[in-house]
Amino acid sequence: QVQLVESGGGLVQAGGSLRLSCTASGRTFNMGWFRQAPGKEREFVAAINWSGSAKNYADSVKGRFTISRDNAKSTVFLQMNSLKPEDTAVYYCAGHLSGTYYLAEAYHYWGQGTQVTVSS
């Protein structure tokens, strides 16, 4: 009964911007964004609590990415600015009720992922 759907990925040149969206059905969760590049482990990017009052970011994206949510639309966003080639990965939206926000194992629900490719 829980469904998460990401959108907004694509190809962009270094220094450009993208805005990812994730629509979540079922209920309002604490939400997170993770990413995974080929041959690498899943990596925490950003998290936001159910009300949007608390936000956390990985050091690698702090100051460049912004997470937000619109609960009226059941949607969480990830605004990505000043993109770098090392940001290239599949980005996943995830939801959880409680746990350590930066650990993927704490999340119960996952979207299908959206590809972000940043060219030099």
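Student: What makes S1, S3, S8 and S7 a sheet, and in which order do they lie?

Tutor: In this predicted model, the four strands form an open sheet in the order S1-S3-S8-S7, with antiparallel pairing.

Student: Why are strand S1 (3–7) and strand S7 (65–70) said to stand at the edges?

Tutor: Each of these two has a single partner strand, so one side of each is left without a neighbour in the sheet. From one strand to the next, the twist averages 15°.

Student: How do you know that S1 and strand S3 (residues 18–25) pair?

Tutor: Pairing needs at least two bridges between the strands. S1 and S3 have five, in the antiparallel sense. As an example, Leu4 has Ala24 in S3 as its bridge partner.

Student: Let's move on to S4. Why is strand S4 (residues 30–36) called largely enclosed?

Tutor: A residue counts as buried under 20% relative accessible area. Six of the seven residues of S4 are buried, so the rest of the structure largely encloses this strand.

Student: Which strands pair with S4, and how do you know?

Tutor: Try the cut-off of at least two bridges again. Seven bridges join S4 to strand S9 (residues 89–96), and five join S4 to strand S5 (residues 43–48). Both pairings are antiparallel, and both counts meet the cut-off, so S4 pairs with S9 and with S5. Phe34 has a bridge partner in each: Tyr92 in S9 and Phe44 in S5.

Student: What lies between S4 and S5 in their hairpin?

Tutor: Six residues lie between them, and Gly39 in the turn has a positive phi of about 80°.

Methods: Residues numbered from 1 in each chain as written. Predicted model: local features only at pLDDT ≥ 70, side-chain atom pairs only at ≥ 80, totals over all residues. Heavy atoms only, no water. Buried < 20%, exposed > 50% of the residue type's maximum accessible area, 1.4 Å probe, protein only. Axes fitted to C-alpha atoms, helices over the stretch in contact; angles between N-to-C directions.
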